[in-house]
Amino acid sequence: MATSTFPTMTGAVGISDVATFVPDIWSDEIRAAYEKNLVLANLVKKLTMKGKKGDVIHLPAPIRGSAAAKAENTAVTIQNNTELEVTVTINKHYEYSRMIEDIVAVQALDSLRQFYTSDAGYALSTQVDSDLWALGKTLGDGTTTWVHNASYYIDASTGLTLYAEDQVVDTDIFTDDGFRALIQKMDDADVPMDRRVFVVPPSLRKVLMGIDRYMSTDFMGSPGRVEKGKIGELYGIDVFVSSNSPVVETAAANAAGTKDLRAALLMHRDTFILAEQMGVRSQTQYKQEYLANLYTADTLYGTKTFRPDAGFVMVVNN
């Protein structure tokens, strides 16, 4: 502790002395902004690794057994499987940093700090959501592209059809028949009826709002728990809108049509995993050599497809 007697100033409190007090406001605001912008991340299986060491999570994925007929005077049938596992690697570390000089801190309005925290929250949450959206390529037998056996579009002539590049035309739009056909594929895959979600881009929300039968309470569902991005309910499936839905095929790359093609996801909440080892964190440090505060927000996490059979991509015209 430094002390002095007035008028000596060796004991004065400067910005570097109270730097530990600065993160409180920043931290609260960045967490609020981060949570506000998350959509898909709130609709998946979430694991917390906070405070735990290691970089890989091992999740048991046992194989289902089967019933065997019991014959009279015979022993039961013993089942034995080599059970599987799913591993989630914590390897995604993203940050957002700003160097704020003292003159800015003195002269700028408080709204500048609010912009930076909001912008940091948006940037980090968008990155998390983008990584989760990219898992759509791994559904079914997929690996690295959107072309796989769990990726579909609605052909204007033939209905629900496997997606392929240079195939979707402008008149291939969403229909109720096509949507019900995709729901049937979930049913056929024995995906649990509860906790299903349909995440759509804004362009598909516009189409849904133009279908008369979807505007009734029978289809949109009665008001209930409010969730970020939720716009209603169709056939017992919660419907969410996300502006972060990725472009599957650009208009320039699509020889058949003139519009960008974007992804919608029909999935169960256990289809994808988001494992957070460090939730969004906010820190500041005073840099005397720059007469500025260094502000950084960061997060550490991993993503993985847990049930590739429990999700389907619907490619739609944007």
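Visitor: Among contacts in the protein chain between residues at least 6 apart in sequence, what percentage join residues at least 24 apart?

Guide: The share is 72%. The model is a predicted one. Its secondary structure comprises six helices and 14 strands, and 40% of the 318 residues count as buried.

Visitor: Why is aspartate 176 called buried?

Guide: Its relative accessibility is 10%. Buried means under 20%, so aspartate 176 counts as buried. This residue is found in helix 4 (residues 176-188). Leaving aside neighbours within four places in sequence, aspartate 176 is in contact with Arg213, Tyr214 and Tyr235.

Visitor: What makes the pairing of the side chains of aspartate 176 and arginine 180 a polar contact?

Guide: The two side chains are 2.8 Å apart in this contact. The cut-off for a pair of N or O atoms is 3.5 Å, one able to donate a hydrogen and the other to accept it. The contact between aspartate 176 and arginine 180 is therefore counted as polar.

Visitor: Why is leucine 162 called partly exposed?

Guide: Leucine 162 has a relative accessibility of 42%. Buried means under 20% and exposed over 50%, so leucine 162 falls in between and counts as partly exposed. Leucine 162 is found in strand 6 and, not counting residues up to four places away in sequence, touches His148, Asn149, Ser151, Tyr152, Tyr153 and Gln167.

Visitor: How do you know that strand 5 and strand 6 pair?

Guide: Pairing requires at least two bridges. Strand 5 (residues 151-155) and strand 6 (residues 159-162) are joined by four bridges in the antiparallel sense, so they count as paired. In strand 6, leucine 162 is the bridge partner of tyrosine 152. The C-alpha atoms of leucine 162 and tyrosine 152 are 4.4 Å apart, although the residues are ten apart in sequence. Strand 5 and strand 6 form a hairpin, with three residues between them.

Visitor: What makes strand 7 (residues 196-200) mostly covered?

Guide: Five of the five residues of strand 7 are buried. Arg196, Phe198 and Val200 point one way, whereas Val197 and Val199 point the other way. In a regular strand, side chains alternate between the two faces of the sheet.

Visitor: Which strands pair with strand 7, and in which sense?

Guide: Strand 7 is joined to strand 11 by four bridges, and these two run antiparallel. Strand 7 also pairs with strand 9 (residues 237-241) over four bridges, in the parallel sense. Valine 199 has leucine 265 as its bridge partner in strand 11 and phenylalanine 240 as its bridge partner in strand 9.

Visitor: Which residues of the largest nonpolar core touch the most other members?

Guide: They are Leu132, Phe174, Phe179, Phe198 and Met314, in a core of 52 residues. Strand 11 (residues 261-268) gives the most to this core, with six residues. Leaving aside neighbours within four places in sequence, the contacts of methionine 314 include Phe174, Phe179 and Phe198.

Key: Residues are numbered from 1 along each chain as its sequence is written. This is a predicted model: local features need pLDDT of at least 70, side-chain atom pairs count only at pLDDT 80 or more; totals for chains, interfaces and linings use all residues. Side-chain values use heavy atoms; hydrogens and water are left out. A nonpolar core is a set of buried Ala, Val, Leu, Ile, Met, Phe, Trp, Tyr and Cys residues joined through side-chain atoms within 4.5 Å. Buried means under 20% relative accessible area, exposed over 50%, partly exposed in between (1.4 Å probe, protein chains only). Contact means heavy atoms within 4.5 Å.
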